[in-house]
Amino acid sequence: MADIAPDLKTPSDLPRNDTRTVGEALNTSLANCYALYLKTKNFHWHVSGPHFRDYHLMLDDQATQILGVTDAIAERVRKTGNVTLRSIGDISRRQTITDNDRDFVPADEMLAELRDDNLKLVESFRAVKEAAEEAKDNATSGIVDEWTDQAEERAWFLFEASRKGRK
């Protein structure tokens, strides 16, 4: 992460090196949110099959929820005295969730991939939590719990929607 222009420095009582680590972890999670949002919308637009309506609506709801946390994450980055994402290129350099550009993805594969990606997002939120606790940044440590819970819930819904019956 580049040094911050003097005009952008946010006052904080937290040590600069510690908040830089928190900011980097937050920006990785933010990049993952944007990657997951776009993939979820892609699958929402392209889902087909006998459960089309249910999946289409669920994926739209999930995309809305994912996009809804992006501003809070970015603002938390700024509150810790760091700079946040600036472009699609910046997102692509930081994201750990892979894109899916296939022309056709069967619905069951869509659900499985999104489930796994939400669990990857949970991992990145846990890295934020760890960095925040090391920095004694209780505000970030507290707010990331809600984002983690939301991602876990999305993974659970995707898992349950993809079940094929009792086995």
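The points below comment on the helices, their packing and the salt bridges of a predicted model.

1. Overall make-up. The protein chain contains five helices and zero strands, and its elements, read from the N terminus on, follow the order α-α-α-α-α. Of the 167 residues in the protein chain, 44% count as buried. Where contacts join residues at least 6 apart in sequence, 80% of them link residues that are at least 24 apart.

2. Packing of α2 with α4. Helix α2 covers residues 52-79 and helix α4 covers residues 107-134; their axes come within 13 Å and cross at roughly 20°. That angle makes α2 roughly parallel to α4, since angles under 35 degrees count as roughly parallel. The crossing in which α2 passes α4 is left-handed.

3. Residues between α2 and α4. On the α2 side the contact is formed by Y55, M58, L59, Q62 and I73, and on the α4 side by A107, L111, L114, N118 and F125. Sorted by type, the residues of this contact of α2 with α4 are eight nonpolar, two polar and no charged.

4. Packing of α2 with α5. Helix α5 covers residues 138-162, and its axis lies 11 Å from that of α2, the two helices packing at an angle of about 165°. The helices α2 and α5 are therefore roughly antiparallel to each other, given that angles over 145 degrees fall in that class. The crossing of α2 and α5 is left-handed.

5. Residues between α2 and α5. From α2 the contact draws on Y55, M58, L59, Q62, Q65, I66, V69, A72, I73 and R76, while α5 supplies A139, T140, W147, Q150, R154, F157, L158 and A161. The residues of this contact of α2 with α5 comprise twelve nonpolar, four polar and two charged.

6. The salt bridge of K39 and E113. The count of salt bridges comes to twelve, and one of them is formed by K39 with E113, whose closest N and O atoms are 2.6 Å apart. K39 belongs to helix α1 (residues 16-46) and E113 to helix α4, so this pair ties together parts of the chain that are 74 residues apart in sequence. Both K39 and E113 are buried.

7. The salt bridge of D90 and R94. Here the closest N and O atoms of D90 and R94 are 2.8 Å apart. Both residues lie in helix α3 (residues 88-94), where, because they are four residues apart, about one helical turn separates them. D90 has a relative accessible area of 10% and is therefore buried, whereas R94, with a relative accessible area of 23%, is partly exposed; the reasoning rests on the cut-off for buried, which is under 20%.

8. The side chains of R163 and E160 meet in a salt bridge with an N to O distance of 3.3 Å. R163 counts as partly exposed at 46% relative accessibility, and E160 likewise counts as partly exposed, at 36%.

Note on methods: Residues numbered from 1 in each chain as written. Predicted model: local features only at pLDDT ≥ 70, side-chain atom pairs only at ≥ 80, totals over all residues. Heavy atoms only, no water. Axes fitted to C-alpha atoms, helices over the stretch in contact; angles between N-to-C directions. Parallel < 35°, antiparallel > 145°, perpendicular 65-115°, else oblique. Left-handed = near helix turned anticlockwise from the far one by under 90°. Contact = heavy atoms within 4.5 Å. Nonpolar A, V, L, I, M, F, W, Y, C, P; charged D, E, K, R; others polar. Salt bridge = Lys/Arg side-chain N within 4 Å of Asp/Glu carboxyl O. Buried < 20%, exposed > 50% of the residue type's maximum accessible area, 1.4 Å probe, protein only.
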